[in-house]
Amino acid sequence: MPTIFDAHTFALTAHAGQLDKGGEPCMRHLERVANAALARAGHARLVDGLDIDPMRVMQAALLHDVLEDTPRTPADLRAAGFGPDVIRTVLILTKPQARVAYSERIASLIEAGDFAAILVKMSDTEDNLCPSRIPPNATFLRERYATAFARLKEAATAAGYTGR
């Protein structure tokens, strides 16, 4: 079974040379999201008593952009040894090829019922709300991410999550 280090290495290799919305190496965003998702999953397990594996959540968080932003495929993830649960979560988090409204993507993610995907997307959305990642004149992005975060938080709360 792959480790967090394996997921990090896979993502680092796949995203080599890519910059994120803020002009930083893509891995910085992935690492922030993974650390926040790990903290949320740890809270869910230890405080809320929910059945979730924080290491699986962190792997999915590190890999959450690999299918939409690189040439990697689910078959590549399987070949690297990632389990079906991690791959399923990554697929749920991956933007569909067909153009779909962001609000509909959030709804589909919530409807999928994958708690790990909800925690990762909360962490991703929270990171996307960081002022350094949103242009000052992009109020619509702030509103979109804030609305999405609230919907994801509501879904997590409905699943028994009490964290932030």
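Predicted model: local features only at pLDDT ≥ 70, side-chain atom pairs only at ≥ 80, totals over all residues.
1. Location of D48. The loop between α2 (26–46) and α3 (54–63) contains D48. Beyond the four places on either side of it in sequence, D48 touches H43, G160, Y161, T162 and G163.

2. Although D48 is buried, it has no salt bridge. The side chain of D48 does make a polar contact, at 2.4 Å, with the side chain of T162.

3. The buried side of α6. In helix α6 (residues 84–93), the buried residues are V86, I87, T89, V90 and L93. These residues lie on the same side of α6 because they cover an arc of only 160° around the axis. In an α-helix there are 3.6 residues a turn, so residues three or four places apart point the same way.

4. Packing of α6. Which helices do the buried residues of α6 pack against? Their partners are α3, α4 (66–69), α5 (74–79), α7 (102–111) and α8 (115–128).

5. Cysteines. A search of the whole structure finds zero disulfides. C26 is in no disulfide, and the nearest cysteine sulfur, that of C130, is 15 Å away; a disulfide would need the two sulfur atoms within 2.5 Å. C130 is likewise in no disulfide, its nearest cysteine sulfur being that of C26. As to accessibility, C26 is buried, with a relative accessible area of 6%, while C130 counts as partly exposed at 30%.

Definitions and conventions. Residues numbered from 1 in each chain as written. Heavy atoms only, no water. Helix = DSSP H or I, 4+ residues; strand = E, 2+ residues; numbered from the N terminus. Buried < 20%, exposed > 50% of the residue type's maximum accessible area, 1.4 Å probe, protein only. Lys, Arg positive; Asp, Glu negative; His and termini not counted. Salt bridge = Lys/Arg side-chain N within 4 Å of Asp/Glu carboxyl O. Polar contact = N/O pair within 3.5 Å; in protein donor to acceptor, adjacent residues only side chain to side chain. Contact = heavy atoms within 4.5 Å. Arc of directions from axis to C-beta.
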